[in-house]
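Here are my notes for you to read beside the model.

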Amino acid sequence: MTGEEYTPDIPDVEPQLPEPVRQRVIALVAGALSGLPFDEVPAALKKIARFAPNRRARLGGPLLAAHVAADPLFRQRIGKKVLEEAGELGEALLEGACPAAADPVEVAALAYLTRPEGWVDMVEATAEAVRAEADSAAVEERIHAAEARASRAEHERNTTRVELDRARDELAKLRAEAAQLREETRGLARAASEAERREKKATELLGTEKGRWNKAAADHDAELRRMRAKVTDLEGALETARHTGRDARALGDARTWLLLETISQAAQGLRRELSLEPTTRLPADFVAEASADLPDKLASSARALEANDPARLDQLLSLPRVHLVVDGYNVTKTGFGELSLEQQRTRLVTGLGGIAAQTGAEVTCVFDGAERMHGLPPTPRGVRVLFSRKGETADELIRRLVRAEPSGRPVVVISTDREVADGVRRHGAYPLSSETLLRRLNRK
C-alpha cells in the first residue's frame, strides 16, 4: 500500500448502516484508536482511548460511531490505520476489485471508513445481503420452529393415544369392578333383608316370652299377696288368742299351727316349682356390682318426715333378715355437716358398724358419687358402702336397692327426702327420717 493521499467519495446523506456493519465499524475504530497519536484523538474520545479495545468498543461504541460519522478528519486517520491493518483486502478495496470470497460485512465496514469510489454501493449491497441473510435466517428459524411444533404435536398425539388406550383399559376395569360391586350390593341387600326378617321373628318371640314371664310374675305376686293376707289373718288370730282362756288358746294354737303348716307347704311347693336353690349372694350385692362405675355427681336434698323415734327403728331392726338402707349424705349433712365429706363418711359408717354388730341386720350405706374416691377406710363387718354411678343419684340407687329385694322382706330406708320415702314406701319398705338414725347413734 502506498502513502499517497486519496479523495474519499462523500455523499450528501450518511447511509444507514446495517447493525452487523455498524458493530464491525465500531470494533475497527476501537482497535485503530490505539495506533493514533494521543494529540490526534478528539477530546471527547481521549478518556475512552485509555481503555482496552474490547472495553472501548463496549462502553464507547455509540460515541465512536458518532465521531466517525461527524468528523471526516478523524475518520480519514482511522481509515488509514484500518487499511494498513487490512493488508491485501485494503489494497483491493482501494482498487475497486474486492475478492468474491471476502466477508461482505468486513468489506462494507472498510468501505465506510476509507470511502473509496463506489463505497456507498458497497454498503448498500452489503445491507441488502445482510437483510437477505437475516430474512433467510428468520425463514429458517420459522421452519425449524414449525418442524419443532409438528414434532411436539406428533409426540403429544402419540402420548394422547397412549393415555387414551390406558384410560380405556382403566374404564373397562372400573366397569367390571362396578358390576362386581352391584352384584355384591344385591347380595348384601338380600342378606340384610333376611337378617331383618330374622330380627322381626326374634322380636316377636321375645315379646311372647316377655308376656309369659310377666304372667308368671303376676301369678307369683298374687300368690305372695294371698300368703301375706294369710299371715295377716294369722297375726290377728294370735292377738285374739292372747285374750281368751286356756281352751281358746289351745284352739287358736291348733289353728295357727295348721295355717303355718299350710303356708310352709305352699312355700315349699312354690320353691320346687320355681327351682330356687340356696344362694350365698343377697339382692343388694347385685346392685353393688352394677354400681361399681365411678361416680361423677353430687346431690343433696332434705325434707323432713314425721317418724323420728329411735325406738321405732329398734323395733324394725329386730325383725328377721331386716335390711337397713341409709341415704349417707342426707344423714351426715343433717347431723354433722360442718365436717369434711371424708370425715362425715367415716363417722357415719363407723356408727352403722355398731348397729350392724348389735342387731345382726344387713346394712347398706349409699353416697352420691362426685369423683374417684381414693384411700377409703375399710368398712366395718356387716356394712356395705355404695357410691352412685355416673349419671345416677343416691336416691335412684336406693330405689334400685329396694326394688331388688323380694316382696315380704323387711327393708328400712333412712332419708329425710320425701320423694325417696314415698318411692320406697310404694315398694313395701319402711321409711324413717335421718333424725331417727342420728338419735339412735347418739344414744348411750
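The points below go from the whole chain to single residues.

1. First, the ground rules. This is a predicted model, where local features need pLDDT of at least 70, side-chain atom pairs count only at pLDDT 80 or more, and totals for chains, interfaces and linings use all residues. Residues are numbered from 1 along each chain as its sequence is written, and side-chain values use heavy atoms, with hydrogens and water left out.

2. The overall picture. The protein chain has 15 helices and 5 strands; helices (H or I, at least four residues) and strands (E, at least two) are DSSP runs, numbered from the N terminus. Of its 444 residues, 31% are buried. Buried stands for under 20% relative accessible area, exposed for over 50%, and partly exposed for what lies in between (1.4 Å probe, protein chains only). Among contacts (heavy atoms within 4.5 Å) with a separation of 6 or more, 68% join residues 24 or more positions apart.

3. Helix α1 and its partners. The axes of α1 (residues 19–32) and α3 (residues 53–70) come within 8 Å and cross at roughly 110°, which makes α1 roughly perpendicular to α3. Axes here are lines fitted to C-alpha atoms, for helices over the stretch in contact, and angles run from 0 to 180 degrees between N-to-C directions; 65 to 115 degrees counts as roughly perpendicular, under 35 as roughly parallel, over 145 as roughly antiparallel and the rest as oblique. Residues of α1 including Ile 26 and Val 29 meet residues of α3 including Leu 64 and Val 68. With helix α4 (residues 72–86), α1 packs at about 85°, the axes being 9 Å apart, so these two are also roughly perpendicular. Here Leu 28, Val 29 and Ala 32 of α1 touch Phe 74, Ile 78, Lys 81 and Val 82 of α4.

4. The whole structure holds 2 aromatic pairs, and ring pairs link Tyr 329, Phe 367 and Phe 387 into a cluster. Rings of Phe, Tyr and Trp (its six-membered ring) pair if their centres lie within 6.5 Å; planes under 30 degrees apart count as stacked, over 60 as edge-to-face and the rest as tilted. Look also at Lys 333, whose charged end sits over the ring of Tyr 329, 5.7 Å from its centre. Arg 347 has its charged end over the ring of Phe 336, 4.3 Å from its centre. For a charge to sit over a ring, NZ of Lys or CZ of Arg must be within 6 Å of the ring centre and within 35 degrees of the ring normal.

5. Is Gln 344 buried or exposed? Gln 344, in helix α12 (residues 341–359), is buried, because its relative accessibility is 2%. Leaving aside neighbours within four places in sequence, its contacts are Tyr 329, Thr 332, Lys 333, Phe 336, Gly 337 and Leu 339. Gly 337 lies in the loop between α11 and α12 and is partly exposed at 38% relative accessible area.

6. In α15 (residues 434–442), the buried residues are Ser 434, Thr 436, Leu 437, Leu 438 and Arg 440. Their cover includes α10, β1, α11 (328–335), α12, β4 (411–414) and β5 (430–432).

7. Two loop residues to check. Most residues other than glycine have a negative phi. Arg 321 is not a glycine, yet has a positive phi of about 55°; this residue is in the loop between α10 (310–317) and β1 (323–327) and is exposed at 59% relative accessibility. Gly 408, in the loop between α13 (394–404) and β4, is exposed at 59% as well. Its C-alpha atom is separated by 7.7 Å from that of Gly 428, 20 residues apart along the chain.
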